[in-house]
Amino acid sequence: MTAPTLAANDPCHCGSGRKYKRCHRIADLDPARAAAEQARKDEAARLAEAHVTPGRLSPRREVPEHIERPPYALDAKGRPGVRESGAPKDAETLEKMRRAGKAAAEVLQVVGAAVRPGVTTDELDAIAHEECLKRGGYPSPLGYNGFPKSLCTSVNEVICHGIPDSTVLKDGDIVNLDVTIYLDGVHGDTNATFFVGEVDEQSRRLVEVTRECLDLGIAAVKPGARVRDIGKAIQAHAEGQGYGVVRAFVGHGIGRAFHSDPQVYHYDNPSARTELVPGMTFTIEPMITIGDWHHEMWDDGWTAVTKDRSRTAQFEHTLVVTETGAEVLTRA
Ligand code: MF3
Ligand code: CO
Ligand code: CO
């Protein structure tokens, strides 16, 4: 067809009823430009499709009366309440932390086994919630500083603290499940990244290296070493493989309080001079990125994503410093 001689405000020749200038004029005058514009729109749609977006939240889950609640669960704003130092724990507290750690590890295994294409992150939350209650524990995230759910679910470019919702996991996704249980007055905190169906080679490698980073961080723990040595080991391995280390979130002391000193950086931070002493309990939980390690927050105030929307993975254990190294408390 030859280009019809229509004025800009005439109805388009295609019969759409729209003005010619809003419809086929560009395509008629400059087909290459029109094709490029369409390609840009398709690419933007493809990217939006590939990226995680907020879903709908289910109603708040109930916790039976007989389950002991952490102090923040009784506060309207979920303020932590107990402050705790990073000092070594006594034998009785450590025994409790062994039980809480084991329970957290078991819950993580059960929830992880439910990961498959088609499951929603809210369904995973329901499982985590029930598995904590079954063991007589309280799901620590629920109500913590206002967090609305019992589990953190962080998909693809979500670094951490993703909120379980109506999001459906699909083949090729990676998802981090972060379980914390409050049992007999202490917390056990652990997380792992799982594959949803068949995952691409690049993402598999990221997850593998992230697990190695946690292992190397744990291997750096021994009396006389400093907190700094943990991050140093992690950063060397991650960056050696071409990956980034997220700076904005750290491992933490843990016990009666969910989060306390020391702050465990996952990169070499010279200010982390605290000496490791037997009986100290803390988490190591490196977040490693394929691309840029900088983060952005969603408007929900919790969900942290990589700025460049590249994928990221995480693994976490709670451990105690021993006379010779570290005892991991969150192994099932
Ligand atoms: N489990 C997370 C951590 O490793 C903390 C989650 S806090 C929550 O420290 F409020 F998001 F649940
Ligand atoms: Co933690
Ligand atoms: Co955690």
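The model is predicted, so local features need pLDDT of at least 70 and side-chain atom pairs count only at pLDDT 80 or more, while totals for chains, interfaces and linings use all residues. Residues are numbered from 1 along each chain as its sequence is written, chains are lettered from A and ligands numbered from 1 in the order in which they are written, and side-chain values use heavy atoms, with hydrogens and water left out.

**Around ligand 1**

The ligand has 14 residues around it, the closest being Asp178, His252, His259, Glu285 and Glu316; being near here means having a heavy atom within 4 Å. This shell divides into six nonpolar, four polar and four charged residues. Nonpolar covers Ala, Val, Leu, Ile, Met, Phe, Trp, Tyr, Cys and Pro, charged covers Asp, Glu, Lys and Arg, and polar covers the others, Gly among them.

The table gives polar contacts, pairs of N or O atoms within 3.5 Å.

| Side chain | Atom of ligand 1 | Distance |
|---|---|---|
| Asp178 | nitrogen | 3.0 Å |
| Glu285 | oxygen | 2.8 Å |
| Glu316 | oxygen | 3.0 Å |

Taken alone, ligand 1 exposes 340 Å², and the protein buries 97% of that (Shrake-Rupley areas, 1.4 Å probe).

**The cysteines**

A disulfide needs the two sulfur atoms within 2.5 Å, and the count is zero. Cysteine 14 is partly exposed at 40% relative accessibility, and cysteine 23 is partly exposed at 22% (buried is under 20%, exposed over 50%, partly exposed in between; 1.4 Å probe, protein chains only).

Conventions. A polar contact is a pair of N or O atoms within 3.5 Å; within protein, one must be able to donate a hydrogen and the other to accept it, and residues adjacent in sequence count only if both atoms are side-chain atoms.
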